[in-house]
Amino acid sequence: LGITAQSASRLFIFIGLTSSLARILSGKLCNNPKINPVFVYQSSLFIGGVCVLLLPMATTYWALVAFSSAFGISDGIFITTQCYILLSCVDKERATASFCILSVLCSFSVATGGPIAGKIVLTWQKNSVTLLWKGLILLELCFEMRYLDFSRDVFHRFDGRPRWEIC
């Protein structure tokens, strides 16, 4: 694309700024008792999947800026809602253990994702195939969560207010 290293490094600024803003806004959104945090979580998966699928079409610097901003929003919403849902599923005594279990489960995908993507690139000789798989997996997760049974007001928050049942 002919982008300098300095311009490429600025893309991380867009990811960081939009991720920070999305974390704050999605946290406020999840505190609203009328909004199901799982749907907010699904929106992050959908945004991330669509972004990754459209990345091979980005042929200008500003298209990469748009991708970085949208991907940062997806990342910020994902991280915040994941923690919010996790803390809503367990009581206060098990909160630390739940983060440990989440970290262990996430470590498997982090440890194997890179080598699998590298193998796909070496096999197909194209990066776009790897992006296609990642985008399709994110979209599949988004739509798969739609079929899970999430009932409203079955149990209450720790402070007694009603909330969505997400576990």
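**Salt bridges and helices**

A: The count comes to 2 salt bridges. This is a predicted model.

Q: Which residue does D75 pair with in a salt bridge?
A: D75 pairs with R23, at 3.4 Å from N to O. The pair links distant parts of the chain, 52 residues apart: D75 sits in helix α3 (residues 61-89) and R23 in helix α1 (residues 5-30).

Q: Is D75 buried, exposed or partly exposed? And R23?
A: D75 is partly exposed, at 28% relative accessibility. R23 also counts as partly exposed, at 35%.

Q: What does R94 form a salt bridge with?
A: With D91, where the closest N and O atoms are 2.8 Å apart. R94 counts as exposed, at 52% relative accessibility, while D91 is partly exposed at 24%.

Q: Moving on to A95. Where is it, and what does it touch?
A: A95 is in helix α4. Leaving out residues up to four places away in sequence, A95 touches L87 and V90.

Q: Buried or exposed?
A: A95 is buried, because its relative accessible area is 17%, and the cut-off for buried is under 20%.

Q: How does the span of α4 compare with what 1.5 Å a residue should give?
A: The two agree: the 30 residues should span 44 Å, and the end C-alpha atoms are 43 Å apart.

Q: Where is the kink in α4?
A: At G113, shortly before the proline P115, and the kink is about 30°. Just after α4, Q125 takes a positive phi of about 60°.

Q: Which residues form the nonpolar patch on the surface?
A: I101, V104, L105 and F108, with about 420 Å² of accessible area together. L105 lies in helix α4, which covers residues 95-124. L105 is exposed, since its relative accessible area is 55%.

Q: Why would residues three or four places apart point the same way?
A: An α-helix has 3.6 residues a turn, so residues at that spacing point the same way.

Q: Zooming out, how many helices and strands are there?
A: There are 5 helices and 2 strands, in the order α-α-α-α-α-β-β along the sequence.

Q: What share of the residues is buried?
A: Of the 167 residues, 32% count as buried. The protein exposes about 10,700 Å², with carbon and sulfur atoms supplying 70% of that area.

Q: And contacts, how many join residues at least 24 apart?
A: Among contacts between residues at least 6 apart in sequence, 73% join residues at least 24 apart.

Key: Residues numbered from 1 in each chain as written. Predicted model: local features only at pLDDT ≥ 70, side-chain atom pairs only at ≥ 80, totals over all residues. Heavy atoms only, no water. Patch = residues over 30% accessible without salt bridge, like charges linked within 9 Å, V, L, I, M, F, W, Y side chains within 5 Å. Areas by Shrake-Rupley, 256 points an atom, 1.4 Å probe, with all protein chains shown as cover. Salt bridge = Lys/Arg side-chain N within 4 Å of Asp/Glu carboxyl O. Helix = DSSP H or I, 4+ residues; strand = E, 2+ residues; numbered from the N terminus. Buried < 20%, exposed > 50% of the residue type's maximum accessible area, 1.4 Å probe, protein only. Expected span 1.5 Å × (residues − 1). Bend = angle between axes of the 7 residues up to and from the residue. Contact = heavy atoms within 4.5 Å.
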